[in-house]
Amino acid sequence: MFTMMGSRRNGLTKESFILSVDVGTTSIRCHVYDKEARIRGSCTSKVVPLYPEVGHVEMDPDALWEGFITVVKGAVQDAGVQMCQMEALGISTQRATFTTWDRRTGVPFHNFISWQDQRAADLVKSWNRSYCTLPPPPHHGFFFFQVHQAIEEGNCCFGTIDTWLLFKLTKGRVHATDYSNASSTGIFDSYQMCWSQFLCSLVSLPLSIFPQVENTGFPSMGWRVLEFFVPMADQQAAMFGECCFDVGDVKITMGTGTFMDINTGSKPHTSVAGLYPLVGWKIGSDVVYLAEGNAADTGTAIKWAQELELFSDVGETSDMAYSVSDSDGVCFVPSFSGLQAPLNDPRACASLMGLKPSTTKSHLVRAILESVAFRNKQLYETMLRETCIPITKIRVDGGVSSNDFILQLTADLFGRKVIRPQHREMSSLGAAFVAGLGVGFWMTREELKKLQSADKVFLPKGAAGPGQEYNPVLQSWERALRRSMNWYKP
């Protein structure tokens with residue numbers, strides 16, 4: 001580790017930067033950050049999902065690696081600087097997407113199996129009935145699909161996206177992950193801080209196939225000119241990017257789905273309502289835990305409405321919702337992928353109820369946007385009830401956070417101030433922050449907080465209390481929610 005503030009070449013000190021790559025579900029993005037956390041150069045590459053069968057979602061590991069290298073080179077070129085001016089590399093990745101490969105040759109045995117994959121759903125259901133009180137998502141039940149011969153020979157490496165990239169970056173010298181990614185797989189014991197021997201024993205998997213779990217940020221083993229890699233899971237990285245360093249800090253990311261995380265401090269939270277205990281980050285001896293709840297169909301519902309031509313531009317939706325005084329009794333239940341915490345009903349259906357001849361497109365759009373805020377309220381109240389931690393601040397990010405109607409209603413229902421930062425790509429920024437701290441590019445977390453700037457602050461309205469005027473609408477929506485549950489047969 002080193003603390004140079006610039007890269008010295010030919011007796012001159014050049015400005016230095018931090019690289020950060022965000023490997024998402026649909027794209028890979030790389031940014032070059034300067035000392036003020038401004039983006040100086042960027043490059044994006046598409047991720048092409050593969051659908052070999054119904055319910056199967058995969059990605060090509062080699063194509064992902066090539067896309068990674070492409071965006072790194074492209075961002076540096078776009079910034080008009082040189083690779084030697086990059087001091088560290090942050091890597092934020094989608095969580096729980098995995099592959100296995102040959103330890104000797106580095107050749108993958110199969111494509112990445114995406115976190116969206118459903119092929120192990122029946123296996124997971126059987127495990128839930130037998131063992132689990134907190135059901136993991138279906139993509140966590142991956143064991144059945146491993147390459148058993150390679151396992152028996154001791155040549156199988158298991159890894160999530162960050163592990164695969166680190167293996168490639170170090171030419172096979174490093175088979176490792178960090179605690180944030182490990183804790184998001186569903187097979188890591190966040191209480192004991194190790195891979196779960198119990199879960200591995202269910203299918204006789206040796207612990208030797210799993211990567212070594214490291215602190216968040218470790219040396220690069222000599223890849224090119226970079227001295228420091230920081231792999232982080234995307235939601236945990238976004239939490240760090242929002243500077244949610246203190247117990248009670250809350251981050252809400254609203255993209256394809258909503259992920260609400262609260263900093264629970266030095267102890268993991270044990271939930272009965274479906275909140276997941278995660279390791280936020282482990283830097284040195286400092287371990288920070290999060291409790292996370294999610295709603296799967298936030299952006300999905302808005303995209304569905306756009307495909308139905310309820311609107312042409314997503315930017316119109318806030319104005320459309322404000323153009324009517326209410327939804328005219330229409331309720332929308334955003335459960336294309338079932339309902340997550342606190343109801344945890346995978347058989348729930350999406351539904352529109354209360355339609356009448358007077359219903360207009362604006363009423364429908366308002367009902368859809370309201371449903372996003374209502375699910376936010378459910379998750380928020382679950383966190384308050386379960387963790388008993390006083391909320392200190394609430395920050396939002398993700399594509400859907402650009403919708404003023406949703407954020408204002410969320411603030412009203414919470415009865416709390418909600419802050420939308422100017423930076424929107426928080427996963428990338430968070431990985432950059434941790435990487436920068438690791439090499440002394442930034443010195444303290446307080447310094448990072450000073451780099452933050454708010455785009456807009458949403459203050460709760462209404463003197464009667466949190467969202468009191470919305471109670472009748474919320475009660476109708478909850479009735480629609482109950483009628484949508486257990487719709488599909490087991």
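## Chatting through a predicted model

Me: Thanks. What share of the residues is buried?
Reply: Of the 490 residues in the protein, 57% are buried.

Me: And how many helices and strands are there?
Reply: You can find 14 helices and 25 strands. As for contacts with a separation of 6 or more, 71% of them come from residues 24 or more positions apart.

Me: Let's go inside. Which residues have the most contacts inside the largest nonpolar core?
Reply: Those are Ile252, Met254, Met260 and Ile394, in a core of 52 residues. Helix α10 gives the most to this core, with 11 residues. There is also a second, separate core of 33 residues, which includes Val21, Val81, Ile91 and Leu169.

Me: Ok, pick Met260. What is Met260 in contact with?
Reply: Quite a list! Leaving aside neighbours within four places in sequence, its contacts include Val250, Lys251 and Ile252, as well as Asn376, Leu379, Tyr380 and Met383. Phe414 is also among them.

Me: You mentioned α10. Where does that helix run, and is Gln378 in there buried or exposed?
Reply: Helix α10 covers residues 361-387, and Gln378 is found in it. Gln378 counts as buried because its relative accessibility is 13%, and the cut-off for buried is under 20%. Beyond its neighbours within four places in sequence, Gln378 is in contact with Pro342, Leu343, Trp477 and Leu481.

Me: New topic: salt bridges. How many does the structure hold?
Reply: There are 22 of them. One joins Glu381 to Lys377, with the closest N and O atoms 2.6 Å apart.

Me: How far apart are those two along helix α10?
Reply: Glu381 and Lys377 are four residues apart in helix α10, so about one helical turn separates them. Glu381 is partly exposed, with a relative accessible area of 35%, whereas Lys377 is buried at 12%.

Me: Nice. Which residues are linked in a network of salt bridges?
Reply: Glu15, Asp34, Glu36, Arg38 and Arg40 are linked that way. Within this group, Arg40 forms a salt bridge with Asp34, and their closest N and O atoms are 3.2 Å apart.

Me: Last one. Where is His423?
Reply: His423 is in the loop between β24 (418-421) and α12 (426-438). Leaving aside neighbours within four places in sequence, His423 is in contact with Ala37 and Leu429.

Me: What does the side chain of His423 have 3.2 Å from a polar atom?
Reply: That would be the backbone oxygen of Ala37.

Definitions and conventions: Residues are numbered from 1 along each chain as its sequence is written. This is a predicted model: local features need pLDDT of at least 70, side-chain atom pairs count only at pLDDT 80 or more; totals for chains, interfaces and linings use all residues. Side-chain values use heavy atoms; hydrogens and water are left out. Buried means under 20% relative accessible area, exposed over 50%, partly exposed in between (1.4 Å probe, protein chains only). Contact means heavy atoms within 4.5 Å. A salt bridge is a side-chain nitrogen of Lys or Arg within 4 Å of a carboxyl oxygen of Asp or Glu. A polar contact is a pair of N or O atoms within 3.5 Å; within protein, one must be able to donate a hydrogen and the other to accept it, and residues adjacent in sequence count only if both atoms are side-chain atoms. A nonpolar core is a set of buried Ala, Val, Leu, Ile, Met, Phe, Trp, Tyr and Cys residues joined through side-chain atoms within 4.5 Å.
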